[in-house]
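Please look at the sequence and the structure first.

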Amino acid sequence: MSTCTVCQTDAPADAYLCDGCTYRLRVRLRQVVATLPLLRAALRPDTGPAQRGGSGRAHSPLPVDVRALDLLGPGHPVPIEDPHGDQTGGIPIGPLLAGWARYLAADYPAVWTDRYGTVRIDRCTDARPRTGTGIPAWSAWLQAYLPYAVTRPWAEEFYHQVADLVARIERVTHTRPRRTAKDAPCPGCGAFALVEREDELHIHCEACGHRLTPEAYTAHRGEVMPALAALALRIAAGQHRAA
Ligand SMILES: [Zn+2]
Ligand SMILES: [Zn+2]
């Protein structure tokens, strides 16, 4: 076991991220692609309703949402020269993902056999997604190499830069990961505060922070819900008699 560099919980041996943080990173790489249509929509001129009570605008509306333009801009692939910097700054999505893919590729040992039959281990020289060089291709490439990425010391920085990128996207698209309140009480504290989020591997309790896997939740629910349902029926019957 080792310790997750992001959340300080147990991580698999040789990994710098725990399963929960790795899951979140993978979902965020997917989210970046899923929100592209919304970002592109934000590039259209603002044709929203006029301000209430206003007879006109003090300023002409900007022709595009500049933040969306920043995110979708072509830019240049960014070599991650400062892996311990704390900002994605205004780096657009494409160059940020391509930059990390190239950084990962340069670090990835490529195993090959030379003409004398000796197995050699080299560094890869570049990342080449088979499906082109668009944002979906870089996202898919990074997801494919995620099991390797989490074993590298720079995994924490990669995690934070992608989190930062998704936060920038969400400020433009106003999207948030879906959350579902679960109906069984928390096995840790008994509160009805268990929540499932689409970007989280674990279901967690908003009252006490208890976490459990979806499988553990299903087993727990199977144990407690029949008794709770019987109790609810007894209460309802009691109220019926009292009425
Ligand atoms: Zn973690
Ligand atoms: Zn709890």
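Ile93, Leu96, Leu97 and Trp100 in helix α4 touch Glu157, Phe158, Gln161, Leu165 and Ile169 in helix α7; contact here means heavy atoms within 4.5 Å. By class, seven of these residues are nonpolar, one is polar and one is charged. Ala, Val, Leu, Ile, Met, Phe, Trp, Tyr, Cys and Pro count as nonpolar, Asp, Glu, Lys and Arg as charged, and the others, Gly among them, as polar. Helix α4 covers residues 93-107, and its axis lies 12 Å from that of α7, at an angle of about 170°. That angle makes α4 roughly antiparallel to α7. Angles under 35 degrees count as roughly parallel, over 145 as roughly antiparallel, 65 to 115 as roughly perpendicular and the rest as oblique.

The model is predicted: local features need pLDDT of at least 70, side-chain atom pairs count only at pLDDT 80 or more, and totals for chains, interfaces and linings use all residues. Residues are numbered from 1 along each chain as its sequence is written, chains are lettered from A and ligands numbered from 1 in the order in which they are written, and side-chain values use heavy atoms, with hydrogens and water left out.

Helices (H or I, at least four residues) are DSSP runs numbered from the N terminus. Axes are lines fitted to C-alpha atoms, for helices over the stretch in contact, and angles run from 0 to 180 degrees between N-to-C directions.

Helix α7 (residues 155-173) also meets helix α1 (residues 19-34): their axes come within 10 Å and cross at roughly 40°. This makes α1 oblique to α7. The α1 side of the contact includes Cys21, Arg24 and Leu25, and the α7 side includes Phe158, Tyr159 and Val162. This contact has 11 nonpolar residues, one polar and three charged.

A further partner of α1 is helix α5 (residues 135-144), packed at about 170° with the axes 9 Å apart. Here α1 is roughly antiparallel to α5.

Donors are N, O and S atoms within 2.8 Å of the metal (3.2 Å for Na, K and Ca); water is not among the atoms, so sites may look incomplete.

| Ion | Donors | Distance |
|---|---|---|
| zinc ion (ligand 1) | Cys4 (SG), Cys7 (SG), Cys18 (SG), Cys21 (SG) | 2.3 Å |
| zinc ion (ligand 2) | Cys186 (SG), Cys189 (SG), Cys205 (SG), Cys208 (SG) | 2.2 to 2.3 Å |

Around ligand 1 the four donor atoms subtend angles of 103 to 115°, so the arrangement is tetrahedral; four donors count as tetrahedral if all angles lie between 85 and 135 degrees. The zinc ion (ligand 2) is also tetrahedral, with angles of 105 to 112°.

Terms used: Helix = DSSP H or I, 4+ residues; strand = E, 2+ residues; numbered from the N terminus. Tetrahedral: all angles 85-135°; square planar, octahedral: opposite > 155°, others 65-115°.
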